[in-house]
Amino acid sequence: MDEDRSLIAHLLRRAGFGATPSDIDAAAAAGYEATLDDLLHPERFERPAEDLLARFHSEHSDEESPRWAAIKWTYRMINSRRPLEEKMALLWHGVFATGWAKVTNGQMMQRQYEMLRDNGLGNFRTLLQKLSRDPAMIYWLDQQSNHSEAVNENYGRELLELFSMGRGNYTEDDVRACARAFTGWTMTQVLPRYPTGYWPAEFVYREEDHDNDEKTFLGETGNFNGDDVIEIIVRQPATATFVAREIYRAFVADDVDEDHVQEIADAYVRYGYELRDVMRFVFESDFFKHARFKRVKSPIEFVVGTVKLAGEHRDPHQFNLARLPALSAMMGQELLNPPTVEGWHTGREWIDSAFLVERVNFAAEKLGDSSAPGIAEIASRIRSGHTSASAADLLDACAAEAGGVNLNESTRSAILNELSVQDEIACEGPELDDAVAEALALIGASREYQFA
Amino acid sequence: MTTASPIRPGESAEPFDPVGPYPSLLRIGHRYEISLGQRLALGGFKGPQDLAVGPDGWLYVVNRFTEAGSDVPRSRFVRVRADDNGYEDDIVASLSGQPDLVGKETLPSPVMCTIDSAGTLFLTDEHANLVAMFDSVSGDAVGHWGSAGTGPGQLNAPSGIVLDAEENVWVVSTLNHRVDQFTRDGEHIKGFGEYGDGPGQLSHPWGVAVDPITQTLLVADWRNDRVQRFSPDGELLQIIGRPGNGPGEMNRPSGVAVDGQGDIYVADRSNNRVLLFNPRGMFIESFRGDATLNERGIQKLMANLDMVRIRENVVNLDDEKRFRNPTSVKIGSDGLVFMVDSGRYRIQVYRKLCRELGADEIDPPTMHTDPTLT
């Protein structure tokens with residue numbers, strides 16, 4: 001795979017969820033800068049039409065289960081021409097981890113996802129402001145119980161510890177002052193779920209329940225409300241480093257290089273917390289361009305990337321879409337239901353023996369299906385212009401078409417030993433389709449395929 | 001053949017006469033009667049999509065749902081009395097009586113149903129691409145037909161289904177954007193429809209109804225946000241509605257029904273309401289839901305005292321009455337209208353109240369024809 005296509009494939013894996021060979025062709029023809037510019041400006045493209053998705057999944061007419069919200073999100077990850085906004089939503093969902101297990105309202109989880117998607121590339125200040133008004137977050141961290149006369153510190157503490165600055169950068173007094181600033185930030189009482197189902201709540205500010213006394217927060221004193229506290233938080237150096245580290249781990253590499261994190265943190269300050277500009281800085285950096293296959297794919301990245309490569313679920317009518325987020329959950333990542341407020345443990349912690357078996361089985365099933373549109377497309381591309389191919393050539397071509405999977409010599413040798421085709425194979429016959437599917441299934445089962 | 005006439009919403013083309021065959025009515029209104037089924041309750045609905053009004057007085061309700069975490073089907077029919085004084089769960093759930101349907105022992109994705117005068121249920125399934133037939137009394141599968149494809153008479157995500165006066169079967173093929181007529185045994189007779197948004201064209205049609213007075217066909221042209229009336233030969237006769245959420249406008253209409261006086265009920269699904277039009281296609285009124293708790297709902301609530309307390313504290317219970325994604329409307333006897341409130345797992349039952357007028361009780365139709373006159 002040539003360098004241009006390899007670099008574009010890297011960008012499309014990180015700023016999106018992978019790409020088909022023809023997607024990579026198109027992006028390579030447009031060039032890295034133009035492709036990146038489009039990724040950073042999702043508003044240039046329409047989102048996938050969701051009415052058709054709802055039409056063919058009318059069993060979810062109640063729109064209330066987190067399953068449905070997760071199914072829709074998975075479909076968007078597969079089909080959206082605005083993949084970076086979905087990737088940003090996934091990043092912030094992992095950081096501001098809110099779970100169905102407590103919220104128990106699929107519509108509220110859906111709205112939080114939409115808020116993260118719509119603001120994920122915006123200003124970090126705005127993102128925290130929206131987050132603090134999000135009903136799912138309010139309920140998740142007990143903000144509705146945070147009263148002027150009875151302060152509940154849960155949200156105030158996590159806002160500082162897990163959502164912005166990190167431990168060691170504030171005092172218990174700051175936590176108290178932060179929580180007091182958010183008193184009166186609550187949500188409407190909704191109808192009980194029994195017997196007619198769920199209703200989403202709305203944010204409401206109750207002035208009469210807000211603590212209007214003076215507060216001292218991170219060395220500044222005033223009659224602070226929630227937005228004032230956020231304004232102070234976003235300009236803290238610790239926040240810049242926090243945001244930079246989360247972006248680095250989500251888009252660059254699992255093993256953090258603190259020098260590169262500091263470069264991103266500097267960009268965060270330089271660009272006034274504008275995340276679109278920060279992400280442009282990251283994607284244009286040399287450390288990003290050289291960080292190929294340095295991240296373990298998260299389960300949903302793995303599932304969606306594999307489905308995209310197989311060319312499946314492009315059609316909202318295709319059966320068993322619900323299986324995809326369910327499989328991601330079985331691999332350790334249940335969308336809209338992270339295990340705790342700390343979110344998922346990423347990197348190598350995505351992989352254990354049980355999760356790996358799920359991954360390998362899924363990839364082998366999807367990539368080993370010669371009738372799948374994406375696999376047929378790869379076979380057709382390999383067939384084009386060749387009358388025959390050796391087993392080694394076939395394997396290398398499949399690895400290239402699968403986004404430039406960088407098989408090491410040991411893996412390559414092991415796969416070659418496993419292939420049914422050991423000699424030359426004629427390209428014009430149907431046996432090529434089977435050989436391509438077999439090679440892709442083995443690539444999908446490889447260690448290297450686990451990395452993005 | 002589809003006719004691409006320059007017809008506009010609210011207008012009618014020859015030869016359809018939207019006045020002559022239909023009775024003039026003194027409209028009194030609709031009375032809310034009862035809600036059937038209840039969410040999360042024993043003996044309730046789960047994912048109701050459509051119903052058929054049986055000759056035995058029972059309602060046969062298609063429930064479509066899947067196992068958590070997959071699309072493994074758990075769909076079933078529930079049989080319920082129109083007054084809620086009778087309920088039987090799971091009367092039909094299996095295709096296992098059809099040995100050639102290997103792997104489809106349960107209904108993957110049932111959409112809509114109808115029932116004939118002998119009590120045979122006809123059900124479409126949009127992933128199995130077939131019409132399945134069941135004996136409504138025994139629940140046994142008694143046959144199935146249909147082949148997947150894009151040609152005339154082939155099925156591609158079949159949805160709406162209705163019987164005409166001869167008890168031939170009209171089936172909407174959503175992804176073929178067609179409506180086809182079959183014999184009861186599945187032999188293709190004729191059909192019409194092509195993809196597009198022009199007059200007479202269809203985009204992802206869903207429900208279908210036969211006007212019992214003129215034997216014309218009303219098709220819920222789902223993605224074009226309108227209902228179109230066709231002759232049985234596919235000639236466009238009338239366009240009803242246009243996109244929007246104002247009076248008489250539609251947002252993804254899914255179901256359509258015509259009563260014995262030619263009135264047209266439309267499940268305006270994404271506007272969360274049901275619309276009523278007269279045979280001329282003029283908008284009459286909308287229904288947003290008036291549901292009350294039925295006995296099953298009360299029992300479910302009383303078994304959860306925390307919910308009773310929360311409910312006691314709720315400031316506004318108004319939303320609880322309203323439709324959420326109503327999918328279908330069906331007509332019963334004595335003016336009963338059944339509206340399938342899919343998103344709230346219930347059927348809201350209304351009764352149409354009106355008086356048919358004799359010729360001497362209303363001015364002739366040639367007078368006062370300007371609808372802007374009061």
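Which residues are exposed on the other side of helix 1 of chain B? The model is predicted, and local features were taken at pLDDT of at least 70, side-chain atom pairs at pLDDT 80 or more, and totals for chains, interfaces and linings from all residues. Residues are numbered from 1 along each chain as its sequence is written, and chains are lettered from A in the order in which they are written.

The buried residues of helix 1 of chain B are Arg296(B), Gly297(B) and Lys300(B) (buried: 20 or more other C-beta atoms within 10 Å of the residue's own; exposed: 12 or fewer; C-beta atoms placed from the backbone). These residues line one face of the helix, because they fall within an arc of 100° seen down its axis (the arc is that of the directions from the helix axis to the C-beta atoms). Glu295(B) and Met302(B), on the other side of helix 1 of chain B, are exposed. Helices (H or I, at least four residues) and strands (E, at least two) are DSSP runs numbered from the N terminus.

The contact between the chains takes 42 residues from chain B and 23 residues from chain A (contact: C-beta atoms, placed from the backbone, within 7 Å). On the side of chain B that touches chain A, two or more residues each come from helix 1 (295–302) and helix 2 (305–313) of chain B. Helix 2 of chain B gives the largest share, four residues.

The largest nonpolar core has 136 residues, and Cys398(A), Val436(A) and Leu440(A) are among those with the most contacts inside it (nonpolar core: buried Ala, Val, Leu, Ile, Met, Phe, Trp, Tyr and Cys residues joined through C-beta atoms within 7 Å). Helix 24 (residues 431–444) of chain A gives the most to this core, with nine residues. Beyond its neighbours within four places in sequence, Cys398(A) is in contact with Ile378(A), Val436(A), Ala439(A), Leu440(A) and Ile443(A).

In helix 13 (residues 226–234) of chain A, the buried residues are Gly226(A), Val229(A), Ile230(A), Ile233(A) and Val234(A). They lie on the same side of helix 13 of chain A, because they cover an arc of only 130° around the axis. The elements against which these residues pack include helix 9 (124–132), helix 12 (172–181) and helix 14 (237–251) of chain A.

In chain B, four strands form an open antiparallel sheet in the order 6-7-8-9 (strands pair if DSSP finds at least two bridges between them). Strand 6 (110–115) and strand 9 (141–145) of chain B are the edge strands. Four bridges join strand 8 (residues 130–135) of chain B to strand 9 of chain B, and Val131(B) stands opposite Trp145(B).

Methods: Two residues are in contact if their C-beta atoms, placed from the backbone, lie within 7 Å.
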